[in-house]
Amino acid sequence: MGKVFQENDKRNTPIWFMRQAGRYLPEYRKLRQEKGSFLDLCFDPEAAAEVSLQPIRRFDLDFIILFSDILVIPFALGQNLRFVEGEGPVLGDLMAIEKLEKLNLEKCLKKIAPVFETLDILKQKKENKTLIGFCGAPFTVMNYMVEKGTSVSHHKILNFIRNQEKKAERLIYILQEISVLYLKKQIKAGAEVIKVFDSWAGILSENEYEKFVIKPNKYINDEIKKSNPNIKTTFFPRQSGDKVLKFIEQVKCDILAVDEKYPKKLKEEAKKRDIILQGNLNPEILLIGGPKMEKKINDILFDFRNNKHIFNLSHGVLPKTPVQNVTKTIDTVRNYESRKSTS
Ligand code: 1CP
């Protein structure tokens, strides 16, 4: 099994990038064009595995992440989904909760079975790299299901949880159940680390956050740990601010992905709980590059020097990112390590 940390390796800050596969890579754009739609690419195991491996070949990153999307879960539940060029995901109408509750979730997952085949291919090709599987956290997935796409105001989802709370809780329950089943199947197919993306955790008030972020993420972590105690779990409750301290009190994860704004106490708390911190370079800096970027990378490595740390971004790689800035970031991280070990 690939390790999260390679002992006695001077490259001891492992590195990967959120959305490391994607449009900033010419080889991705080429394959994407050949395959037609984004979903067609996700559901073609050979092609999806190839996309996962493209950034590894180019940059020799330490982790391979499954190429798929968090929105395959609404699709599996029967909600229409398409990705519109330049616009993002567009979902169909949300099914009635009574209908959703009658679904056989195992059967739903058969609809997205190519994902498990992709992992199976990657497992055979991963060599010494660590393979990451993922899903969206229930609240973030529910956000897209209710908003029916990307939203700036999040009016519909906030309205839904505030005015139809019981219904929202029932939907969250379905989503946490299917997420656990889905992740277990990914683990069976070869995922060694799992990551749960709660990209919209930051829009909730404290009480809502406990109910819709902490509770479902805790459920997912506990269920995965029960059946797979050796699997490393990663959570990314994006833009949680100070609430992240409550999050790690409850969600006994192995790895916590952080964005740029985290509370001062987090580093000490993570250390106490033996949680690896993952992050947190702003992907916008990668658009510019140069000395400003290098300084920021060195500052991050210095900041997290007393923690177990996986270098990553605070959000996904942007499509306009120059490839050479990604190369430079990796070199800077690895040179920092070798400087440290020779001084
Ligand atoms: O080819 C294309 O144009 C599609 C662009 C694209 C890609 C490459 C989308 C559409 N999704 C992905 C892949 C993807 N998405 C991965 C693959 C593995 C990797 O290389 O990292 C992962 C892990 C995701 C996860 C994902 N999808 C998240 C969580 C992380 C985050 O960015 O916050 C979310 C919110 C989505 C939804 C999504 N998928 C795609 C778009 C445009 C969106 C909407 C984003 C938004 O609402 O702003």
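Which residues does Asp259 touch, not counting residues up to four places away in sequence?

1. Basis of the note. The model is predicted; local features need pLDDT of at least 70, side-chain atom pairs count only at pLDDT 80 or more, and totals for chains, interfaces and linings use all residues. Residues are numbered from 1 along each chain as its sequence is written, and side-chain values use heavy atoms, with hydrogens and water left out.

2. Overall form. The chain contains 16 helices and nine strands, where helices (H or I, at least four residues) and strands (E, at least two) are DSSP runs numbered from the N terminus. For 343 residues a compact globule would have a radius of gyration near 20 Å, and the 19 Å of the chain agrees with this; the radius is taken over C-alpha atoms, and the globule rule is 2.2 Å times the number of residues to the power 0.38. The C-alpha trace spans about 65 × 45 × 40 Å along its principal axes.

3. Of the 343 residues, 57% are buried (buried means under 20% relative accessible area, exposed over 50%, partly exposed in between, with a 1.4 Å probe and protein chains only). The chain exposes about 15,800 Å², of which carbon and sulfur atoms supply 49%; these areas come from the Shrake-Rupley method with a 1.4 Å probe, and for residues only the protein chains shown count as cover. Contact means heavy atoms within 4.5 Å. Among contacts between residues at least 6 apart in sequence, 73% join residues at least 24 apart.

4. Nonpolar core. The largest nonpolar core has 122 residues, and those with the most contacts inside it are Leu77, Ile112, Met142 and Phe247. Such a core is a set of buried Ala, Val, Leu, Ile, Met, Phe, Trp, Tyr and Cys residues joined through side-chain atoms within 4.5 Å. Helix α10 (residues 165-189) gives the most to this core, with eleven residues. Leaving aside neighbours within four places in sequence, the contacts of Met142 include Ile157, Phe160, Ala168, Leu171 and Phe212. Lys188 is also found in helix α10, but is exposed, with a relative accessible area of 75%. The C-alpha atoms of Lys188 and Phe116 are 8.5 Å apart, although 72 residues separate the two in sequence.

5. Aromatic pairs. The whole structure holds ten aromatic pairs. Rings of Phe, Tyr and Trp (its six-membered ring) pair if their centres lie within 6.5 Å; planes under 30 degrees apart count as stacked, over 60 as edge-to-face and the rest as tilted. Phe38 and Phe67 form an edge-to-face pair, with 5.7 Å between centres and 80 degrees between planes. Phe38 lies in helix α2 (residues 38-42) and Phe67 in the loop between β1 (63-65) and α4 (72-76), 29 residues apart. Both Phe38 and Phe67 are buried. Phe38 also forms an edge-to-face pair with Phe83, at 4.6 Å centre to centre and 75 degrees between the planes. Because Phe83 lies in strand β2 (residues 81-84) and Phe38 in helix α2, this pair ties together parts that are 45 residues apart in sequence. Phe83 counts as partly exposed, at 23% relative accessibility. Ring pairs link Tyr28, Phe38, Phe67 and Phe83 into a cluster.

6. Surroundings of Asp259. Asp259 is found in the loop between β7 (255-257) and α13 (266-272) and is buried, with a relative accessible area of 12%. In answer to the opening question, Asp259 touches Phe236, Arg238, Gln239, Ser240, Asn280 and Ser314. Its C-alpha atom is 7.5 Å from that of Leu313, 54 residues away along the chain. Arg238 lies over the face of Trp200, at 5.0 Å from the ring centre, and Arg305 lies over the face of Phe302 at 3.8 Å. A charge sits over a ring if NZ of Lys or CZ of Arg is within 6 Å of the ring centre and within 35 degrees of the ring normal.

7. Backbone points to inspect. Most residues other than glycine have a negative phi, and most peptide bonds are trans. The peptide bond from Gly279 to Asn280 is cis, with omega near -5 degrees, and Asn280 is found in strand β8 (residues 276-281). Asp60, in the loop between α3 (45-59) and β1, has a positive phi of about 55 degrees. Asp274, in the loop between α13 and β8, has a positive phi of about 55 degrees.
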